[in-house]
Amino acid sequence: MLNLESPSGLRLALLSSLLLPSLASAAVLDNRDPLPAGFASLPYYPAPYGGWDDEWSDAYEKAVALVSRMTVAEKVNITAGTGMYMGRCVANTGSALRVGFPQLCLQDGPLGVRTTDNITAFPAGITTGATFSKTLMYERGVAMGQEFRGKGTNFYLGPSVGALGRKPRGGRNWEGFGADPVLQAVAGAETIKGVQEQGVIATLKHYIANEQEVYRMYNPLQQAYSANIDDRTLHELYLWPFAAGVKAGTGAIMTAYNAVNGSACSQNAYLINGLLKDELGFQGLVMTDWLAQISGVASALSGLDMSMPGDTFGNGIPLLGYSDWMYELTRSVLNGSVPVDRLNDMATRVVATWYKMGQDAADYPTPNFSAYTTDRVGLLYPGALISPSGVVNEYVDVQADHATVAKQVAQEAITLLKNDGGFLPLKTTAPLFVFGTDAQADSQGINSCTDKSCNRALLGMGWGSGSANYPYLDDPISSLKRKAANVTYYNTDTFPKVAAARAGDVALVFINSDAGENSYTVEGNHGDRDASGLAAWHGGDALVQKAAAAYSSVVVVVHTVGPIIMESWIDLPSVKAVLVAHLPGQEAGDSLTEVLFGDVSPSGHLPYSIPVSEADYPASVGIVSTPTLSQIQDTYSEGLYIDYRHLNQAGVKPRFAFGHGLSYASFRFSNASIKRTSATALSSVPPARPSKVTPAVASIGTALPPAADAYYPTGFDRIWRYLYSWLDKGDADAAHAIGVAGTAKYPYPTGYSTTQKAGPPAGGASGGNPALWDVAYTLSVTVTNTGTAAAASGKAVAQAYVQFPANNGGFDTPVIQLRDFAKSDTLAPGKSATLELQLTRKDVSVWDTKTQNWIIPSPTGKYSIWIGQASDDLSVICYTDTLDCDDGVQDPV
C-alpha cells in the first residue's frame, strides 16, 4: 500500500501537484530494459467465473440473487473504492443500498489495525514465523480477527506471504513469515483461518514476486520493475504459499505493484485468470494494491475484481477524482468493451465473499474509527476540498486479553543463537550494564513517527502500511529494572566511558536493523536496506565490539527485520550469548527478560539463514536498479535456490542455518516412524481433477444494460473527488449508443476469448487439484528432554525436510526442502512427547513445465524425510520406499 499522510481540504491540490508532474499515460511509456529471452506473460482469457466450489455454493447462490437485482451502476459501485481519504478507513468501497449491500471498509495491516487506537500491536509476521508454532500462528489470527471486527472493518489487509524473502535486503520481508514457501504457507493459512473465523475477510498479499521495494510502482514517468520468473520456480516457490492460502479459503487476494514477466500484476491475465482463478480455483475477489491500477478495460478482462482505493497513480494524477474504473467502468460496459458477464462475475465475487464471512448478519459492526485523525469529530471525507463533519472516532477498545497471545508469540519467537558454556540464563542479582538505544522506547513518543518511519529507539516493527500504533510499549529496560537488582543503562549507541568492569558484571548490548515500505526513506534506506545493507544500524557492530573489549561477559540482543552479518563480533570470547528477538510489537519487555532470567526457555528458530557474508548469496538476489527511466528487469536466475536452498547447493556453511535455535533444555529425537496413508503406491501423475460445474453466476442476464441505469440521480449533490459509478445522461447515452451499434470495437489483446475454459489438469476448486492435498505420508517422532531433574524445561520443534531421490527423472531439486514442522508443549526434564508430521502428494512432487502438472518423477524411489531441530541439525531419517527410520545419523548438509 502507498502511504501518504492524510491531507485536509486545500492541501490536497498541492500534494497532488508534488506527486505527479504530468498526466502522461503509463501505457505509452515503452522505455524499458529488454525482457530477457524465454520470459513472457502468456494471454489467458476469459476470466473464469467464480462459484464452482461446493464450499462457496451457498454464498454464491445468495450473491447471484442479490446481484441480479442490481443496476449496472450498482454493480460497478461495489467493485472499487470511493477514493483515497474519502471515508473512515484506508479504503471504502461504494455501496448498493437500494438492494441492501453496504459500503465495505478495508483496513491495514498485517500486525494490527493501523492508524487507530485501543488496539493491540502484535508481533510482526517474521516474529510469528520464528515461533514455528502452528497454534500461535492461529491464535494470533483469531485475536487480530476479533480486533478488526470490533473496529467495524470488513477486510483485514493481510496476511503477507509476498515478499517471500528472496532478497535479504528486501524492505517488507518482515511482514511475511520467513524465507521458505512452506513456513509462509502454513503461517499464512493459519492466520487466514483465525481471522476469517471471526467473520473478517482476509486479504492474502502481495500477489506476486514483490521482492523489493525500490522501483516497485508504476507512475507516469516510469514502469515498475519486472520480476522475471520461470514457470517451475514460480510454482514451487512463490505461488506455493498463495495456493495454501486459497486452500484455507482466503476471501481476497491483493495483487502486487510490480510486473511479472513484463506484465503488471494488476492486469496480468496469466497470473490472475490462469494461475489464480483457474489453476488454484480461487473463489474470492482480486483487488489491486493502493493506486496500483494502470488500465480500465485491460485490467477487467485480466480478472481484476476490485480497484483500491479507486483512484490511480500509474496513469493519472491521484487525489483529483480520476479513476480507471467507477464511472469509466460503467462507460466501458455500456459501450460493449467490458462484457456484462465479466462485470456480473466481479460483483458476484464481492458479494459472495461478504456472504461467506457472514457479514450480512445484523450484528456485524460498522466502522467506529478514523484512519486519519484521533479526534472524536472530524471530516467525513478528509480528501475533499469541502467535506461535512461528524463523529469519526468512537474509541472502541478491542484489546480484550490479546496482550497475552501477543506476548506469547513475541516470547516463543526469541531465538537463542549462541550460549557459550550455558551462560544464560542470568541471575537477577547479577550487575547488569545495558547499552544501546534499542533497549528503550522512543522518548519522543512511542507513536511519534508516522507509520514507524524512524529508527531512534526500540525496534518493535518495521515501517510503512504494515505497522500499527502502540497502545503502550513494554520495553526491555523497564522490564530489566523491574526484575533485576542492579541495572545501569547507557541510552546511547556510542560506547561511553565506563568504570572498569568487575568480576560478575554483565553487559547487555541492544542493536537493531530496520526496513519497510518504499513510501518512506529512513536514514537513506528506501524501504529496502539498500543503504545499510545487512549491518546493524547506528554503529551497532562497533558497540558490541567495544562492550566486548570492556567486559568479559556480553549478551547481545538483536531486534531485526531479517539477517544481519555478525562476523565482526560473533566469535569474540567475551560475547557469551546472542538472542534474536525479531520484531516483538508492544510486548518487547517481559517477553525477553523472562527468557534472559530463565523463567522460560527460548524456543524460537530462525525463519531465514544468517550467512557469514552477504556475498554468500546469489548475485541475482541483490537490490536491482538502473539510473534511467526504464522498466528494470529483475531476473530470478537463481531459480529454486534462495536462502538455505542456495547455501546447501553451493556448499557454503552459514553462520547460523535456517531453523537454528537453541534452548536451555536439551532434546533428543527417537522412535521415529513413517506410514503411507494409501494401500496403493502413488502414481506419477495425480488423479484427474473434478470437472467444473456451471456456476450460478452464468444465470445472470448479460444483455446490454439500459443507459438510464447509469444516470446520476436527479438532484444528487456530489462531493468533489468522491468517485461515483454514475455518468451524466449525455455520457451514458453516448456510450450506450456505441454498445448498441456494435461497430466500434475495443482492441482486445492477442488470445482474447469469451468462452469459458474447462480448466488446466493441475486445477481444481480452492487450491488446485484436490489430490495434491491428499496426505501421502504420516510421520511421528518422540522428543525427550534429556536434562536431569535440576535442568530446564522447554519446548522442542521438529522440522521435517524432504530429500528427493537421486533418480529423480532428471529434475534438479534442492538438497533438502522444509515440508512440515511441529512444536511440543513444555517438557520437563526427563519427559517426552510424540510429535506428528505429514507430507502431502504435492510435497513429494515437482512442477513439470511440459505437462503443466505436478508429477512425482520417481513414485517408487527412495525419498528421504529428515527430521531435526534445524536445517543443519537433522538427526533422524525416514525412507518412503522401505518405511524404515533411523536416528543418530549424519545430516545431509
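Start at D505, which sits in the loop between β14 (487-490) and β15 (506-513); strands here are DSSP runs of E with at least two residues, helices are runs of H or I with at least four, and both are numbered from the N terminus. Before going on, note that this is a predicted model, where local features need pLDDT of at least 70, side-chain atom pairs count only at pLDDT 80 or more, and totals for chains, interfaces and linings use all residues. Residues are numbered from 1 along each chain as its sequence is written, and side-chain values use heavy atoms, with hydrogens and water left out.

D505 is buried, at 4% relative accessible area (buried is under 20%, exposed over 50%, partly exposed in between, with a 1.4 Å probe and protein chains only). A polar atom of its side chain lies 2.8 Å from the backbone nitrogen of R502. Leaving out residues up to four places away in sequence, D505 touches P431, F433, Y551 and S553, where contact means heavy atoms within 4.5 Å.

The largest nonpolar core has 144 residues, and I208 and M566 touch the most other members. (Such a core is a set of buried Ala, Val, Leu, Ile, Met, Phe, Trp, Tyr and Cys residues joined through side-chain atoms within 4.5 Å.) Helix α6 (residues 181-196) gives this core its largest share, eight residues. Beyond four places in sequence, M566 touches L417, V578, V580, I610 and F656.

Finally, look at W720, in the loop between β19 (667-676) and α18 (729-741). W720 counts as partly exposed because its relative accessibility is 37%.

Terms used: Polar contact = N/O pair within 3.5 Å; in protein donor to acceptor, adjacent residues only side chain to side chain.
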